[in-house]
Amino acid sequence: MTSIVDAAAPDHLDGGEPGAPPASDDGGERAARRGALIALGVGVVVVVVARLWGQHVEWVVTEGRANIGAAPFFGRWNVIFRWWLLAGVAVGVVGVWLAPRFARTWSWGRVLVGTWALHAAWAVSLAASDGLHRLTTPLTSRFEYFRAIDDVEAAGGVSDYLSGYVAGLADSPLHVRSHPPGMVLFYWALDRVGLSGPGWAAVAVIGFGTSVVVAVLLALRAVAGIDVARRAAPLVALTPSVIWVASSADAVFAAITAWGVALLVIAARRPARRVDSVRMAAMGGMVLSLALFFSYGAVLMLGVPAVVVLAARRWDVLAGAVVAALGVTAMFTVMGFWWFEGLFETMEFYEASSAEFRPYDYSLVGNPAIVALSIGTAGVAGLGSLAATWRRHRPVLLLVVPVLVGIIGAALSGLSTAETERIWLPFVPWLMLAGVALPTRWVRPLLAGSVLIGVVLQMWLQTPW
């Protein structure tokens, strides 16, 4: 059976694939540079405005109740430097220097493993700079899903827990109230197989959460070819948002969503009438449907596989994915959890949280500022270059544009006015794909800027996760 790594693109894409951008020309390079500079300028302005406006909201409008003392982020500014932070700096510097070269010269399998390892190493080294306990304590605080594991057994099992899930939300930890039951069941399953305790929870979150970069690269290879995917590898590995990956269950949401999307994208790009493509589509449908039971926000990522599948006119892939997804949904429904009921109950809890003190109009500026800082200089400049040279990178648009639409939808919904840096983690690696449009000579300096942002945020920003 064809492996997922080998199935990421048709065989004819392994060499000079048609999905790769054409050879550089002076006009294209100039446009890419101009777009990058404009985007960076806009990004700086947005961040500054969000910072000043956020301070006004925090201390004047809400008198400290908005919890954005570190505007635009949730939390507060408090510089804490420990020598262990130098390990994170070292990993970032080595990544900036070596990753672009290794991404070009290593075999594809080694590129995937290396990207995963670099992403995980940077996440762990930064998180552990405040002490090894920072790898576990954010996952086990009184607000987290880990505290609800015993509720599954207390309810009498999974089915009884799911049937009473919505009714019991008022007495559940804060983050449980804001999500479907998937993450609680994830921790419960680890406990049942003997991997109990916060240490194993952290290993699972970090190990699986950082695999998001592999899924994203496989999806990019499927639509744009292996050369383009190689170019994106260092970009997805070194994002400032990594400071939340090793300490937040949202990394798991990002990974499971990305794997579902990647499976469907790969299936859609395989030759028609192949049994393995339909099987892969069914797997993708199941995984994406499962993602919806980890995070309600996963629905905003459905646009990515939908665009790719519809563009390829792969109705067999669409049918296989839908049938499989309905099967997973039916299973949860039969066991007592109705997705829409949970969503509406969560919306009520959200409106009564500290988010009610954050003005909606401020979030329309604060959220873009958070995105800009989360994707760093490489991501922001990449979006500008992609916008300026989009005709040369049409395949990449299939993955990036639906994500931008999802972000806009999340922002306009009014349900993303708090903790966006954490809950929008699933968007970040897909936005980084825009960086393949950057001028080659700009990649390392811009990656260095992203690493600097990540290190500064780790040292300066204090949050509960």
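Reply: A contact here means heavy atoms within 4.5 Å. Among contacts in the chain between residues at least 6 apart in sequence, 84% join residues at least 24 apart. This is a predicted model, in which local features need pLDDT of at least 70 and side-chain atom pairs count only at pLDDT 80 or more, while totals for chains, interfaces and linings use all residues. Residues are numbered from 1 along each chain as its sequence is written, and side-chain values use heavy atoms, with hydrogens and water left out.

Me: What is the secondary structure of the chain, and why is the chain called as compact as a globular protein of its length?
Reply: The chain comes to 20 helices and 2 strands, where helices (H or I, at least four residues) and strands (E, at least two) are DSSP runs numbered from the N terminus. Its radius of gyration, taken over C-alpha atoms, is 21 Å, close to the 23 Å that the globule rule (2.2 Å times the number of residues to the power 0.38) gives for 465 residues, so the chain is as compact as a globular protein of that length.

Me: Which residues of helix H13 are buried, and what puts them on the same side of H13?
Reply: In H13 (residues 303-312), Val304, Pro305, Val308 and Val309 are buried, that is, under 20% relative accessible area with a 1.4 Å probe and protein chains only. They cover an arc of only 115° around the axis, judged by the directions from the helix axis to the C-beta atoms, which puts them on the same side of H13. The helices against which these buried residues pack include H9 (212-224), H11 (250-269) and H17 (394-413).

Me: How many cavities of 30 Å³ or more are there, and what makes a space count as a cavity?
Reply: There are 3 cavities of 30 Å³ or more, a cavity being a set of points on a 1 Å grid over the protein atoms alone where a 1.4 Å probe fits but cannot get out.

Me: Which residues line the largest cavity, and of what class are they?
Reply: Its lining (residues with an atom within 4 Å of a point) has 13 residues, with His119, Val212, Val245, Leu425 and Pro429 nearest the centre. The lining divides into 9 nonpolar, 4 polar and no charged residues, where Ala, Val, Leu, Ile, Met, Phe, Trp, Tyr, Cys and Pro count as nonpolar, Asp, Glu, Lys and Arg as charged, and the others, Gly among them, as polar.

Terms used. Buried < 20%, exposed > 50% of the residue type's maximum accessible area, 1.4 Å probe, protein only. 1 Å grid on protein atoms, 1.4 Å probe; cavity = no way out; pocket = protein on both sides within 12 Å on 5 of 7 lines; lining within 4 Å. Points joined across faces, edges and corners; volume = space filled by probe spheres on them.
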